[in-house]
Amino acid sequence: MGIYHFIAIGGIGMSGLAKYLLQEGHTVTGSDIIDSKYVKRLRELGAQVYIGHSAKNVPENASVVVSSAIREDNPELIEAQNKGLKIYHRSDLLKELAKIAQKDGKIFIGFSGTHGKTTTSGMCSYVLDKAGLNPSFVDGGIVPELNTNAQFKDGKFFIAELDESDGTIIKYSPDILVINNLEEDHVDFYKNGLSDLVKTFKKEISKSKKVIVNNDNTGIQSLKGDFITFGLNNADYVAENIIQEKSGTKFTIRYKGDVLVDINIQLSGIHNVYNTLAVIASLNEAGVSLAKIKDYFYSFTGMGRRFQKVCELNGIEVFDDYAHHPTEIKATLDAAASKYGKDNIVAVFQPHRYTRLKGLWNEFKDSFNEAGRVIVTDVYAASEDPIEGISGDIFSSDLNGSEYLSGSIGDVARKLLPTLHSGNVVIGLGAGTITSLGKELEKQI
């Protein structure tokens, strides 16, 4: 067993890897700039976590784990370099864990793409776990019913979310690679937009044994290969007879023309039909009995921060959603409007990264059509420096009919609450501090 030290251990991706190692029996330490629920859970599992970064936090003989967000001047990274310690990028550690799982006979299913990879990896992990198949997994979000984003078990599956944001996806060699969709994003890394992203996925496809793709997605159509396809029309796995109700969504899946399974899910929106198709296709290709798992799709309520209800205040329902790309925002608002009615929807949008807001400015402007009211907050920088002419205030001015609320999310909540009324459905949208909107609104009651 080894010793692993995580710099910024409280992030959703880093904490998942740390949990996995703890369950394998390794010693885990780490640091972060703030305490959080993720840090608390890691301590409960046996990790030693420091608040604040300091060279003295780094244990002797540890392997040090970093993410792309860690800067070269981080004192713990410098200390690790001075000591000659092994330094893993988080993607390298996930690659090693996947390789070990494959050597142990596990089937590695990796979920990827611009959108949906957290939901699909979490849904897959959930249904396998509930069916008693004991999967190991490292997902990009908390599976509410399992209360974790990672686990190590003795079943024959290893499930992982494969992140494309920094190009590190090319490190993995899954037995089954699922590509949900490809769209322009992460413009700070992919300077030439979608064409660079497609080039990266072409490399990853060459390393994967079996590839399953969304045949309806335009970006994926730029790829060439011997793919297994899913979609709503011409595909190997097709969803048909789709019925969307307030209680959820029902549909039938055909495989190469023949009825494969009838599915009932609690989740709303066509994007969740695609997500379910992706999971069904991957598990069917992996040889899992659909009869054994199909009933567990309905009890899956979605991932943490994916249209997750966080509170209700005097008839005002408040949801938290991680959507920070125009397509994700549109999908969330479409699903919400179909369930609650457009006029009741109050979208509170915190732009995530100046580079993303600048690069996808017009696409963001077109993503709020299904909200009755739109609030724009200040940009969550995510360690980026500001860009002149790019701000929440300026974007709101360009987004006709929207309102700009400045300051912290606490300030936003204080200004917003008096303007709300019973029947409103408030949805916080973004990957930053907007997640605390529900708690901040509760404080105002």
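This briefing covers the aromatic pairs of the structure and the surroundings of one aspartate. The model is predicted, so local features need pLDDT of at least 70 and side-chain atom pairs count only at pLDDT 80 or more, whereas totals for chains, interfaces and linings use all residues. Residues are numbered from 1 along each chain as its sequence is written, and side-chain values use heavy atoms, leaving out hydrogens and water.

**Aromatic pairs**

- The structure holds 14 aromatic pairs, a pair being rings of Phe, Tyr or Trp (its six-membered ring) with centres within 6.5 Å, called stacked when the planes are under 30 degrees apart, edge-to-face when over 60 and tilted otherwise.
- Phe108 and Phe158 form an edge-to-face pair, at 5.5 Å centre to centre and 75° between the planes.
- Because Phe108 lies in strand E6 and Phe158 in strand E9, this pair ties together parts that are 50 residues apart in sequence; strands are DSSP runs of at least two residues, and helices (H or I) of at least four, numbered from the N terminus.
- Phe108 is buried at 1% relative accessible area, and Phe158 is also buried, at 0% (buried is under 20%, exposed over 50%, partly exposed in between, with a 1.4 Å probe and protein chains only).

**Surroundings of Asp262**

- Asp262 belongs to strand E15, residues 258–265, and is partly exposed, with a relative accessible area of 48%.
- The side chain of Asp262 makes a polar contact of 2.7 Å with the side chain of Thr252 (N or O atoms within 3.5 Å; within protein, one able to donate a hydrogen and the other to accept it, with residues adjacent in sequence counting only if both atoms are side-chain atoms).
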